[in-house]
Each structure stands twice: as C-alpha cells, then as structure tokens.
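Please keep the sequence and the coordinates at hand while reading.

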Amino acid sequence: MENQSSVDFSIPFRVLVYLVDIWRDFYRNTNEKERTLKSFRLPPVFPIVLYNGEETWTASPSLKGIVEQGEIFGDFLPNFRYYLVNISKISDKRLLELHNSLAAVFYLEKENDVQKVEKAIQIAFQFLDQEPDPKVTQAILDWFLAKIQGIPQEEQIIEVIQEIASQSK
C-alpha cells in the first residue's frame, strides 16, 4: 500500500518498483530447486494507493498509461492497474457504518481541519475500543502521533488524545 497526500504522476512506475521488489525478495528466499519447477508461482500482490489529498486524483491508473506510445505495444509491455482508495471521497456516514480500525485510520487521515480533529479523535477512539488486537490499536495511535508531530497544534491535540483516552478506560 502506498500512501499519497498529493497527486504523483509517476505512481504507476513507483508501484511497479514495489511489486518487483516484493517478487524479487520472494524469489531470492525460495529454494533454488523449487524456483525451477514448472509449478513455481509468484504470490499475488494487490497494489493499493491510499490518497488523502484535496486535489482530484488525475494520475494514470496503469503503467501503460505512462509509457510513451504504450498502447501500440499491446501485450508486449508489462501492465497493471493499481486500486485507488480516495479517502476524501468516502463519506463520514460510510466510515461511521464501517466502525472498525481501518475506518478509524481513514477518519483521522481525512480530517485536516484542526477544529474538527477532536471529534475525529473521539470517533476513532470509539472504533479502536472495538479492536481486539492491542498491537493494532497501538500502531494506529503511534501513526497518528507521528502524523501530528511538528504541526502548530500538536500539544493541543495530544492533550485531547490524553483526555479522550482517560475517559475510555
């Protein structure tokens, strides 16, 4: 999964590099004899781009779309499409219906208005209270703390988190 906060027109190429790196690692870590068998297969990798920017996503959804005259080479060029998850297009209502840890991340990622962050944090904590794995909850909290690091309202947001956390215990 690739996280983007702005439109990146090279994303199909970057995703290709990620895919090749994953497969190269898998290949290198597979027994040499096993790799030569007709039945050897690479694992499937589902390329996801998570976009939380405000601009409309206009990057090509496929590798062939960024290869000069790519269409004339047909099947002779590698090609794939990545799956775009545009967080700004997911309604708050839908996220509230999901009511899970991923929805909590999307909800926090989506909210850029500092005035609304407190509500987003409260909702995210409600979702995270349902998370059975404390490691997932901690990872999300660590991610959010890293996300707000360095912004002018960091101390204010941390105070809100601490207050909400103490209420949810």
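Gln4 is located in strand β1 (residues 2-4). The model is a predicted one, in which local features need pLDDT of at least 70 and side-chain atom pairs count only at pLDDT 80 or more, while totals for chains, interfaces and linings use all residues. Residues are numbered from 1 along each chain as its sequence is written, and side-chain values use heavy atoms, with hydrogens and water left out. Helices (H or I, at least four residues) and strands (E, at least two) are DSSP runs, numbered from the N terminus.

With a relative accessibility of 7%, Gln4 counts as buried; buried means under 20% relative accessible area, exposed over 50%, and partly exposed in between (1.4 Å probe, protein chains only). The side chain of Gln4 has a polar contact of 3.0 Å with the side chain of Arg14. A polar atom of the Gln4 side chain also lies 3.1 Å from the backbone oxygen of Ser6. A polar contact is a pair of N or O atoms within 3.5 Å; within protein, one must be able to donate a hydrogen and the other to accept it, and residues adjacent in sequence count only if both atoms are side-chain atoms.

Next come the aromatic rings. Rings of Phe, Tyr and Trp (its six-membered ring) pair if their centres lie within 6.5 Å, and planes under 30 degrees apart count as stacked, over 60 as edge-to-face and the rest as tilted. By this rule there are 5 aromatic pairs. Phe26 and Phe40 form a stacked pair, with 6.1 Å centre to centre and 25 degrees between the planes. Phe26 belongs to helix α1 (residues 11-28) and Phe40 to the loop between α2 (32-35) and β2 (48-51), so the pair ties together parts 14 residues apart in sequence. Phe26 is partly exposed at 32% relative accessible area, whereas Phe40 is buried at 15%. Ring pairs link Phe26, Tyr27 and Phe40 into a cluster. Arg35 lies over the face of Tyr27, 4.3 Å from the ring centre; the criterion is NZ of Lys or CZ of Arg within 6 Å of the ring centre and within 35 degrees of the ring normal.

In the loop between β2 and β3 (83-86) is Gln69, which has a positive phi of about 55 degrees although it is not a glycine.

A nonpolar core is a set of buried Ala, Val, Leu, Ile, Met, Phe, Trp, Tyr and Cys residues joined through side-chain atoms within 4.5 Å. The largest has 25 residues, of which Leu95, Phe106, Leu108, Ile121, Phe144, Ile157 and Ile161 touch the most other members. Two or more residues each come from α4, α5 (114-129), α6 (134-148) and α7 (154-167), and α5 gives the most, with 8 residues. A second, separate core of 11 residues includes Val7, Val15, Leu19 and Phe80.

Helix α4 (residues 101-110) is mostly covered, with 8 of its 10 residues buried. Among them are Phe106 and Leu108.

In α6, the buried residues are Thr137, Ile140, Phe144 and Ile148. Seen down the axis of α6, these residues fall within an arc of 65 degrees, so they line one face of the helix; the arc is that of the directions from the helix axis to the C-beta atoms. At the start of α6, a side-chain oxygen of Asp133 comes to within 2.9 Å of the backbone nitrogen of Lys135. After α6 comes Gly150, with a positive phi near 90 degrees.
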